[in-house]
Amino acid sequence: MRIGITGISGSFGSALCADLSQDPNNIIVGMTRDELRAEQIMARHPGNVRVMVIAAGLQDVSAMERAFRDCDVLVHAAALKRISGSVYATEEIVKVNILGTINVLEVARKLGIKKTLFISSDKACEATNLYGSSKFTAECLAVQSNAFIYPATGGMVSCTRWGNVVGSRGSVVHIWRKQRDSGGPITVTDPRMTRFIMTMQEAVQFTKQSIDNMQGGEIFIPKLSSASMVDLAQAVRDEHTMGRNAITYTGLRPGGEKVHEILLSQEEPRRTLPAENGMMLASGMPYFLVQPSHRTWSSQPYDKMPIGDVLTEGFIYSSLTAPKLSRETLRAIVQAVPNTQEE
């Protein structure tokens with residue numbers, strides 16, 4: 001299988017590449033704007049990984065067409081993700097996260113790629129900043145692109161939406177480790193804050209599972225536990241120093257930071273299939289499946305996904321109410337995170 005990855009030099013893209021490249025039958029084709037990271041990735045996987053350096057990134061449609069020609073699957077992971085960008089780099093977020101997604105979808109249509117999966121974020125749900133809004137817009141673009149891609153080529157486009165991946169580039173774990181090791185306090189923005197938690201391995205496996213299950217237009221949402229950020233900070237603090245660093249609170253960051261995240265908007269439960277209804281794979285992570293609000297590209301219902309067997313009205317999937325990870329579990333998760341972001 002030939003698999004394309006946008007943003008292959010990012011934390012998730014490189015982890016997905018490393019996993020997929022273990023199968024000698026796979027050819028992994030990625031794109032990045034970082035020539036050093038491109039060389040490093042190809043050096044780590046010399047047999048079946050190709051990385052094209054595209055200086056203009058997602059704006060260069062013709063270069064992406066060359067990179068992803070003959071791909072069976074395309075995973076669109078490239079994005080600007082920093083909340084601060086919602087304040088200071090607004091035009092760039094629009095160019096990359098929205099216009100860039102439009103370009104990727106057009107490349108998928110032109111090349112006749114059979115499966116395209118867009119990687120979204122919990123920030124897309126009831127967004128409070130431009131980053132979240134850009135991810136929500138990209139979700140809408142991906143879902144409705146099926147109306148043009150499916151009839152023309154038989155290709156399908158779906159989305160995944162999940163929470164924080166512990167240990168990804170810029171992860172708070174690395175920030176807190178630096179604060180801990182310097183002897184200073186560990187800073188948490190708000191003592192009430194909770195977040196959905198996912199390991200990098202879980203993110204990779206759920207992506208593969210979503211590719212296997214996709215039928216076009218759905219949004220796959222893993223059934224995740226959440227964590228108090230204070231508990232996660234204590235797990236980092238106790239990793240080596242056994243509680244000698246103080247934890248201080250700095251207030252919510254500018255740019256619309258939420259105290260709690262949600263993975264289903266208030267409108268979505270009535271068209272969301274629950275994780276318990278038996279339509280998942282025999283193995284893998286349980287998930288919710290958000291059906292498109294209107295499926296204009298096909299009159300057929302989802303295979304093995306009965307319309308009507310949906311969540312109850314008013315269902316809330318929030319990091320506040322989701323099952324909480326214990327401090328012991330969080331400590332094990334933190335200890336598995338490499339000490340540097342480049343590992």
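These legends describe close-up views of a predicted model. Residues are numbered from 1 along each chain as its sequence is written, and side-chain values use heavy atoms, without hydrogens or water. Local features need pLDDT of at least 70 and side-chain atom pairs count only at pLDDT 80 or more, while totals for chains, interfaces and linings use all residues.

**View 1. Confidence along the chain.** The protein averages a pLDDT of 90, where pLDDT is the predictor's confidence in each residue, from 0 to 100. A score of at least 70 is reached by 92% of the residues. Over residues 277-282 the pLDDT is below 50. Beyond near neighbours in sequence, this stretch has twelve contacts in the model (contact: heavy atoms within 4.5 Å).

**View 2. The nine-stranded sheet.** Nine strands form an open sheet in the order E3-E2-E1-E4-E5-E6-E10-E14-E13, with mixed pairing. Strands (E, at least two residues) and helices (H or I, at least four) are DSSP runs, numbered from the N terminus. Two strands pair if DSSP finds at least two bridges between them. E3 and E13 (272-273) stand at the edges with a single partner strand each, so one side of each is left without a neighbour in the sheet. E13 runs antiparallel to E14 (residues 287-290), joined by two bridges. Here Leu273 stands opposite Leu289.

**View 3. Strand E1 and its partners.** Four of the five residues of E1 are buried (under 20% relative accessible area; exposed is over 50%, partly exposed in between; 1.4 Å probe, protein chains only). E1 and E2 pair in the parallel sense over five bridges, and Arg2 has Ile27 in E2 as its bridge partner. The chain crosses from E1 through helix H1 (residues 11-20) to E2 in a right-handed β-α-β crossover. Right-handed means that, with the strands pointing away from the viewer, the path from the first strand over the helix to the second runs clockwise. E1 also runs parallel to E4, with four bridges. Thr6 has His76 in E4 as its bridge partner.

**View 4. Helix H3 and its cover.** Ala63, Met64, Glu65, Ala67 and Phe68 are buried in H3 (residues 61-68). Their cover includes strands E1 (2-6), E2 (27-32), E3 (49-53) and E4 (73-76), and helix H5 (90-111). Just after H3, Asp70 takes a positive phi of about 70 degrees.

**View 5. The largest nonpolar core.** This core has 52 residues; Phe12, Ile28, Trp162, Ile221, Leu224 and Tyr317 touch the most other members. A nonpolar core is a set of buried Ala, Val, Leu, Ile, Met, Phe, Trp, Tyr and Cys residues joined through side-chain atoms within 4.5 Å. Helix H9 (residues 200-213) gives the most, with five residues. A second, separate core of 19 residues includes Val173, Trp176, Met229 and Leu232.

**View 6. The three-stranded sheet.** Three strands form an open sheet of mixed pairing in the order E7-E9-E11. E7 (164-165) and E11 (226-228) stand at the edges with a single partner strand each, so one side of each is left without a neighbour in the sheet. E7 pairs with E9 (residues 194-198) in the parallel sense over two bridges. Asn164 has Ile197 in E9 as its bridge partner.

**View 7. Asp231 in helix H10.** Asp231 lies in H10 (residues 229-237). Asp231 counts as buried because its relative accessibility is 17%. Not counting residues up to four places away in sequence, Asp231 touches Arg327 and Leu330.
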